[in-house]
Amino acid sequence: MARVSRPAPIDEAADRISAYVYGNILLLAALVVLTREDVRDGAGLAIVAGTAVSTFVAHTYAERLGAAVRSAERSSWSVVLRDSVPILSAAAVPALLMALGALDALPATTCLRLAEAWVVVRIALTAFIVGRLQGRPVTVRTWVASVGLAATALVVVAVKVVLTH
């Protein structure tokens, strides 16, 4: 009976962190170019959902191919799909906010700024998540790293927006 080796839990966590950061950065890049009118007419919701779904599909496909290179054993689609879910989770609150803006339940500009802030905070929280996974206590270094991660993500988003819009 052949034993199927599974990646160590830390490898799976690393894959999920990668998807988490990637999804949040691409979602933020989509949000920062939206206008109040985009939110009001529902385009904001469509763009947030489309960004999340297309990034999820592309990332899942790429990860599946990458897993095939790492191991002669075939990695199951279910593992790759599960490890890519953080991309979809990045869009949950922003999509809700875009829907509230489209329904005029909240001002469109408020919804847009809250969605952007939400994603920046999620990126900053990566330092705390990684520290927890590594068993490290929260220190001043964790807080500095979280600010650095958010700032770096904003630079990456700015570069993407400048180069693609």
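Select Glu116 first: in this predicted model, Glu116 is buried, its relative accessible area being 13%. Arg113, at a relative accessible area of 46%, is partly exposed, whereas Glu116 is buried.

This pair is one of six salt bridges in the structure. For a further set, select Glu12, Arg16, Arg82 and Asp83, which are joined into one network by salt bridges that share partners. Centre the view on Glu12, which is buried because its relative accessible area of 8% falls under 20%. From Glu12, turn to Arg82: a salt bridge connects the two, and their closest N and O atoms are 3.2 Å apart. Arg82 is partly exposed, with a relative accessible area of 33%.

Then display Arg16, whose side chain also meets that of Glu12 in a salt bridge (3.5 Å, N to O). Here both partners lie in helix 1, four residues apart, about one turn of the helix. Arg16 has a relative accessible area of 29% and is partly exposed.

Proceed to the cavity. A search of the whole structure finds one cavity of 30 Å³ or more, and the largest cavity holds about 40 Å³ of space. To see its lining, select Gly23, Leu26, Leu27, Thr51, Ala52, Thr55, Ile87, Ala90 and Ala91. Helix 1 (9-31), helix 3 and helix 4 each contribute at least two residues to this lining. By class, six of the lining residues are nonpolar and three are polar, with no charged residues.

Helix 3 (43-70) and helix 4 (77-102) are the elements that give two or more residues to the nonpolar patch. Trp77 is partly exposed, at 42% relative accessibility.

Finally, follow the chain to the loop between helix 4 and helix 5 (108-124), where Asp104 is found. Although Asp104 is not a glycine, its phi is positive, at about 60 degrees. Asp104 counts as exposed because its relative accessibility of 59% is over 50%.

Key:
Residues numbered from 1 in each chain as written. Predicted model: local features only at pLDDT ≥ 70, side-chain atom pairs only at ≥ 80, totals over all residues. Heavy atoms only, no water. Buried < 20%, exposed > 50% of the residue type's maximum accessible area, 1.4 Å probe, protein only. 1 Å grid on protein atoms, 1.4 Å probe; cavity = no way out; pocket = protein on both sides within 12 Å on 5 of 7 lines; lining within 4 Å. Points joined across faces, edges and corners; volume = space filled by probe spheres on them. Nonpolar A, V, L, I, M, F, W, Y, C, P; charged D, E, K, R; others polar. Salt bridge = Lys/Arg side-chain N within 4 Å of Asp/Glu carboxyl O.
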